[in-house]
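Visitor: Could you walk me through this one?
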Amino acid sequence: MLKVNHLYKSYETGDKSYDVLRDVCFEVKEGEFVAVMGPSGSGKTTLLNCISCFIPYNKGEITLRDVRLSSLDEKDIAKVRNEKLGFVFQDFMLLDGLTVLENVCVPKVIRREAYGQMEKKAKALMNMFGIWDIAGKYPPEISGGQKQRTAVARALMNDPLLILADEPTGNLDSRASEAVIGAFLEAQKTLNTTTFMVTHDSFSASWCDRVIIMRDGRVYTELINRGSRKIFLEELLNVLKVLNGGE
Ligand SMILES: Nc1ncnc2c1ncn2[C@@H]1O[C@H](COP(=O)(O)OP(=O)(O)OP(=O)(O)O)[C@@H](O)[C@H]1O
Ligand SMILES: [Mg+2]
């Protein structure tokens, strides 16, 4: 479903070129929940931004269901971003002047769909994530965990091929984080949603099927969850300890 093939990305500052992604390769299968971890500056957000079509890459290829992202023009990119991808950000990015329900409906409003249809869809998602009872509230009146579950519902409104999330639990306490990860897991179970999530939080990552660990712009290793979340968490913590120790 998502293939990243020998991806290279560098930033030019002044007359210097700085290689941020160097030969990154991996795949994400349909219905998989995959996390990306790694030290600060290892290139996680850059990788996510390339997949999001926010920034161009230098070499290699990203394909989303057989569509090569480098082959798209600006119009096609806007279409992919609205129809094929769903986004969840660390700081929620909700519109404070709209209710929770209206925020969830935004992607459909952009596509000018009929109101009745979009409300039905929004209600189903909001019920699934336990936020239907706050449908009429405004973002400043709800908790961080509720805000992020609203953002996950919004990201799912157009039935995206892939959800991209950059530190979705970064601003949340552990209880709220669990509720947000729970929303991703529920979407995976009932809608077969594919999610690709950057996180610093090993506990959140331990719920995923697989964790890709980045180091210095490369894939350092991949860990697979073989069924026991507790064992997976221990494995993750061990690898990260070695990484942070510089071994
Ligand atoms: N627009 C930019 N121009 C120049 N350099 C950049 C730019 N964006 C990021 N970088 C550099 O690229 C490297 C990777 O940055 P990136 O944001 O991808 O790291 P990250 O793994 O997401 O880190 P963090 O865990 O702190 O969020 C860093 O050294 C950063 O300073
Ligand atoms: Mg980052």
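This is a predicted model: local features need pLDDT of at least 70, side-chain atom pairs count only at pLDDT 80 or more; totals for chains, interfaces and linings use all residues.

Visitor: Which residues are around ligand 1?
Guide: Counting a residue as near if its C-beta atom, placed from the backbone, lies within 6 Å, the residues around ligand 1 are Y11, T13, Y18, V20, G38, S40, G41, S42, G43, K44, T45 and T46.

Visitor: What supplies the largest share of that shell?
Guide: Helix 1 does, with 3 residues; helices (H or I, at least four residues) and strands (E, at least two) are DSSP runs, numbered from the N terminus. Strand 1 (2–13), strand 2 (16–28) and helix 1 (44–51) each give at least two residues.

Visitor: Switching topic, at what angle do helix 5 and helix 6 pack?
Guide: Helix 5 (residues 144–156) and helix 6 (residues 174–191) pack at about 25°, with axes 8 Å apart, the axes being lines fitted to C-alpha atoms over the stretch in contact and angles running from 0 to 180 degrees between N-to-C directions. That makes helix 5 roughly parallel to helix 6, a label for angles under 35 degrees.

Visitor: And how many helices and strands does the protein chain have?
Guide: The protein chain has 8 helices and 10 strands, and its C-alpha atoms fill a box of roughly 55 × 45 × 35 Å along the principal axes.

Key. Residues are numbered from 1 along each chain as its sequence is written. Chains are lettered from A and ligands numbered from 1 in the order in which they are written. Angles under 35 degrees count as roughly parallel, over 145 as roughly antiparallel, 65 to 115 as roughly perpendicular and the rest as oblique.
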